[in-house]
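Below is a short report on a protein assembly. The sequence and structure come before the text.

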Amino acid sequence: MEHFALWLGAFLTLGILSFLYKDNAWYKLSEAVFVGISAGFWFATLFWDNLVGKFWDGKGEEPMLWVGAALGLLMLFRLLPKVGWLSRWPLAFIVGATSGLWLMNYLASNIMSQVQATILPVFSSGFGAGFDADLATIVGNLVIFVGTFTGLVYFFFSKEHKGVFGGAARVGIFFIMITFGASFGYTVMSRMSLLIGRIDFLLGDWLGMIG
Amino acid sequence: MRRQIPLLITFVVGTLLIVSVFIPPFGELETTFNIWFDIIAVFAFFLGGGNLLRVHIDKLRKKKRDWPFSIVTIAGFVVMLAAGLFKINNPGDIASAVDAPGSLFSDIFNSVQYPLSATMYSLLAFFVASASYRAFRAKNREATLLLIAAFIILLGRTPFGVLVTSWVPDSTSLLQIPNMAIWIMNAPNLAGQRAIIIGIGLGVISMSLRLILGLERSYLGGEK
Amino acid sequence: MPNLGVIISLLIIFGGLAWLLFRSLTGREVKRRVIFVFIFVAVAAPILFPITFEEHATPVVRDLFDRIETLPRGSRVLISFDYDPAMAPEVQPMANAISFHCLTRGHKVVCMCLWATGQTLLSNTINDVILPEFPNIIDGVDYVNIGYKAGNEGVLNVIVSDFKKMFPTDVNGVPLDSVPIFDEINSCADFDLIVALGGGRPGPKEWVLFVGDPADVPVGVGVAAVVAPQLYPYYPRQIIGILGGIKGAAEYESELAHRHEQFADMDKPGLNMMGPQTLAHITIMAFIVIGNIAFFTGRRRKDR
Amino acid sequence: MGQPDTAPLDTAVFADSGAVTVAPVESLLAEDHKYDNGRAVDLSWVPSIDDQLVDSKALGYRVYRIVDGGEADSLADLPPFAAAFTDGSVERGHSYVYFVSALSPSGEFPSVHTAPVKPEREWINLSRGWLFLIMLFISAAVIFFVETARRGKKLFVRKIAGLEAIDDAVGRATEMGRPVLFIPGISDMDDVETLAALTILGRVSRTIADYDSKIFMPVSRSLVMTAARETLKASYQSAGRPDAYSDDMVNYVTDEQFGYVAAVDGLMAREKPATVFLLGAFFAESLILAETGNSVGAIQIAGTARPAQLPFFIAACDFTLIGEELFAASAYLSGEPRMLGSLKGQDVGKALAMIVILVGVVAMTMSEAWDVGVMENLRAWLVRVFSTS
């Protein structure tokens, strides 16, 4: 069994990798297996966690849960042509809930906290001992302030990017580009270790070529 | 009516959730609504899973291109679903966790889904490489900045980065590439992130208001 | 044989890059598949034929190394293993190197974990490094494993003032009162150094806030690469040194191998993993450079 | 409920010879936690005078609670210098008494008991007053400009390149006789980015219906499938071509992140779409999808609010909507004055953020560098206004 699982894993791994050369039957087979199995996996998981887990495992008494179930049932009305439009109710509920919830979350965590965190000193009288460290902090703060400010200028929609405003927007986009470069450089490392893991599996676990 | 009631639902639910932040007794609405969402999502899966089966059975019947692979998809779906729903081979009985070690469900997950998922993920390494060659080009000033930042961060993570600037004295250690990489992460990168994040926050507020007020209503479908 | 392999694979990679450069300079197109083959070889070759690169410890790493190196013999060091198998590829090499370093310098080491998943990983370090490398070491005198306690930050809150209240015995059930290391340890304040390994919560940040700062004990940390930038603001005041990801582990290992001969012969998983990583990174950087050369020569050609 | 003045004996360990005694904490106060649903009590005290930075005898504090005059239970252990604690495990209708022990190596030194407190429910959270006002301000700005625009005032909105390109991109698909592929991210409907993607789909699909291009849309969530079908149906109806719509345009694939990616990659390789939209919440798969789309020669328009994925889209796609632009896209594309008004409204929010940052930085710098007292007060006030806890 163990042996079989190993070979199966290797077969599927190579099937996916073969896509890099071109689309082919081996990849199609791996893809078909993947889609079927994983759809089944998620449905079974959701079924036990979100349905059985909520209604049967001793929590079914909560009346609020049944409102959720009713909304869920309305969703299935789509299958009946005459009353299919009722399925818009749960959709409307979800859209309303998501909008309201995220409006407040984003206001608090994206706007207010970030604005607050940007209130930094850009000059200090404390230069003296440990001058270097302080200078680095002050320069860092200045960069954070200028970058955040001009970055926001870039996102203005209702003003043409011209003159001083346009200049600030251009500085803003420079900062945004540095951010993208940094994120790229930073993510590359972890991406490589994924491939290392897979090659380790093929050459080591499967073929036994690594000592 | 068919559009008015849903619009009303969106408006009431959205407003309620905004207000609940300021009214302590409503504070638990968020949890309740999240639970409802989970429940609706399971019901919706009957539609999604049904659609998946229908598409592939259809392919099979009409012998469309690549139809043999549809057999595999259907078989995989049914087998995994059966293994999960009936808890085949689970140690103990039906009360055990669906993915208990030793169950058919967890065996299939480990020997089939896991390697597939990990390999698909690892394709990223290849695409990072091809994108690096093809797309990261200093076409203009913006692209050049992106490139330089990426390069310094990458360099800071290889032995070369340390080597290249190891002659820089410790008193100006900020000019050593590994430290420069950290500084970029903590200053200009942070600034750009903040501008993007604050912008996103405002974008979300504005879009949410459009949805709650019913200005944006395409998701509700047509009049019929 | 491995050396031959290394030479051949390096030849393939750098020869290939030179070929790529030449093609780009002459303005011919390079197929995506060729790039794919490159990156595969660049990663696979150093896995098959281990290549290690000289690593130089950066100041953040060297600071922690020097602290352990310069503490007087018999100093007490607490190492906490707060991570899970998913983080282990990055963090375990640090755990092994730091444990080795402490014991070889004659410090007394106390091992514990705040994560249930840390227990296996802690035993791995003991079985793979401590016991085989230090055959004369005595459990309870030179090191002790006090195991796992549930309670997250709550555990820290207690041990900062009273260790034995939370950990009445070691992992084998021996009362700490009869464990010689604990003769002079009542609380976290009695340690000379705390090394927090991990990356989640509770983890290094909690160690600093709940123990390091209030008890005024220096804390060094070893974390997964993604977490490291969040900890830099605490360095060097609240955290004396940071090992971030495989790179941090590799730097520590090379510094250790440099100063302690015994370690030079040991397994160095961090440095080994750095081989494929580094080659992959160099290849990626080369792609960026060559891509740009191709872009500029192409443009000049068009201008003519 | 008579309260003894000293703690029960079993919680206090008294000194042997050589034991370390520490002074108990002073001024212990228990108060109902303000602005909650009656679920918490706040404690505060002055730390023991033996709790010192150097050579401290106090090792920390332990909080005890007595419910309705019963037994004392230990609630929590706190580090040295702790001077406050919030008990979040109380219920309305009970009465709670607390005391705090200072810990020393040789035992506990309890404080006096607090007066009993009963947690209360408040109907309005006054501590979030500023949050409320800022929410109101930004919302009012949006609604104000929506109304202004509705009354016919012309508002300027700058061009967004990625959105200007949509018509051409869809037209190209029609000319080439190849389909348009629309990927709304991999999150479910409880993510605003997915909602943004669907609102954009509403506009884009109208163009697709007008041009009579073919669209297909594999999705990874059942709910998204349902909502996307409704959206497409509405677009085809309003384009006057309801017969051209079919449910087959939108298909559920699998919830699994990389299973979905495997399927979409295969689809791209086989169908060779002329135009690909990648809009919504993307994670590690962003570059896999974008590079595959690029390799089949598609024009790609991408957008997400995940900063970590944006560089990959910028590298591999023809046009990228950065963060806020994703949420503004549907309003921009609609061209309706009211929608454009909402964009003007969010700019007011941006201006507010910028002003606060500017004033805050100036105030903090002046107070740090030259000890200007007024400025320190201003800074402290701004920080308080913008704190969210």
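The report covers the model, a chain interface, a helix pair and a domain assignment.

## Model and numbering

This is a predicted model, in which local features need pLDDT of at least 70 and side-chain atom pairs count only at pLDDT 80 or more, while totals for chains, interfaces and linings use all residues. Residues are numbered from 1 along each chain as its sequence is written, and chains are lettered from A and ligands numbered from 1 in the order in which they are written.

## Chain B against chain A

Chain B places 101 residues in contact with 97 residues of chain A (C-beta atoms, placed from the backbone, within 7 Å). On the chain B side, at least two residues each come from α1 (4-20), α2 (29-61), α3 (67-85), α4 (104-134), α5 (141-156), α7 (177-186) and α8 (188-212). Helices here are DSSP runs of H or I with at least four residues, numbered from the N terminus. The largest share, 20 residues, is from α8(B).

By class, this side of chain B has 73 nonpolar, 21 polar and seven charged residues. Ala, Val, Leu, Ile, Met, Phe, Trp, Tyr, Cys and Pro count as nonpolar, Asp, Glu, Lys and Arg as charged, and the others, Gly among them, as polar.

## Helices α2(A) and α3(B)

The axes of α2 (residues 25-55) of chain A and α3(B) come within 7 Å and cross at roughly 25 degrees; axes are lines fitted to C-alpha atoms over the stretch in contact, with angles from 0 to 180 degrees between N-to-C directions. α2(A) and α3(B) are therefore roughly parallel to each other (angles under 35 degrees).

The residues of this contact comprise 18 nonpolar, five polar and one charged.

## Domains of chain D

Chain D is assigned domain 1 (9-110) and domain 2 (166-317), with bounds from an automatic or database domain assignment. The C-alpha centres of domain 1 and domain 2 of chain D are 58 Å apart.

Notes
Two residues are in contact if their C-beta atoms, placed from the backbone, lie within 7 Å. Angles under 35 degrees count as roughly parallel, over 145 as roughly antiparallel, 65 to 115 as roughly perpendicular and the rest as oblique.
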